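Please walk me through this structure in plain terms. I would like to know about its pocket and its salt bridges.

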Amino acid sequence: MGEHLLAHIADQLAEANWMFATVNRDEDAEPLDFPEPLPRPGVPAPARPGEEPDHAAAQLPDPEQLSRFFAQP
């Protein structure tokens with residue numbers, strides 16, 4: 001779960017930097033590309049336009065892993 005939180009924080013920081021740079025650019029400058037989100041463990045990467053999503057890449061936890069996770073204090 002910590003990896004997901006860190007990836008989310010890094011994504012938010014990248015988006016904030018993108019917004020700041022976009023607002024402070026010259027009006028005639030080319031727009032900046034929106035930052036790509038960092039990959040999360042166990043979550044397949046989103047499909048790019050024109051590509052099929054890779055549902056096989058998702059590794060779902062088995063019932064034993066779920067019970068161990070929810071049994072943690």
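**The pocket and the salt bridges**

In this predicted model, 11 residues line the largest pocket, and those nearest its centre are M1, P61, Q65, L66 and F69. The space in the largest pocket comes to about 320 Å³. Helices α1 and α2 each contribute at least two residues to the lining. Of these contributions, the one from α2 is the largest share, at 4 residues.

Next come the salt bridges, of which the model has 2. One of them joins the side chains of D11 and R40, with 2.5 Å from N to O. This pair links distant parts of the chain, 29 residues apart: D11 belongs to helix α1 (residues 2–23), while R40 sits in the loop between α1 and α2 (63–71). Is D11 buried or exposed? D11 has a relative accessible area of 8%, and because buried means under 20%, D11 counts as buried.

A salt bridge also forms between the side chains of R68 and E64, at 2.9 Å from N to O. Both R68 and E64 are in helix α2, where they lie 4 residues apart, about one turn of the helix. The accessibility of these two residues can be read against the cut-offs. R68 has 46% relative accessibility and is therefore partly exposed, since that class runs between 20% and 50%. E64, at 52%, is exposed, because exposed means over 50%.

Methods:
Residues numbered from 1 in each chain as written. Predicted model: local features only at pLDDT ≥ 70, side-chain atom pairs only at ≥ 80, totals over all residues. Heavy atoms only, no water. Salt bridge = Lys/Arg side-chain N within 4 Å of Asp/Glu carboxyl O. Buried < 20%, exposed > 50% of the residue type's maximum accessible area, 1.4 Å probe, protein only. 1 Å grid on protein atoms, 1.4 Å probe; cavity = no way out; pocket = protein on both sides within 12 Å on 5 of 7 lines; lining within 4 Å. Points joined across faces, edges and corners; volume = space filled by probe spheres on them.
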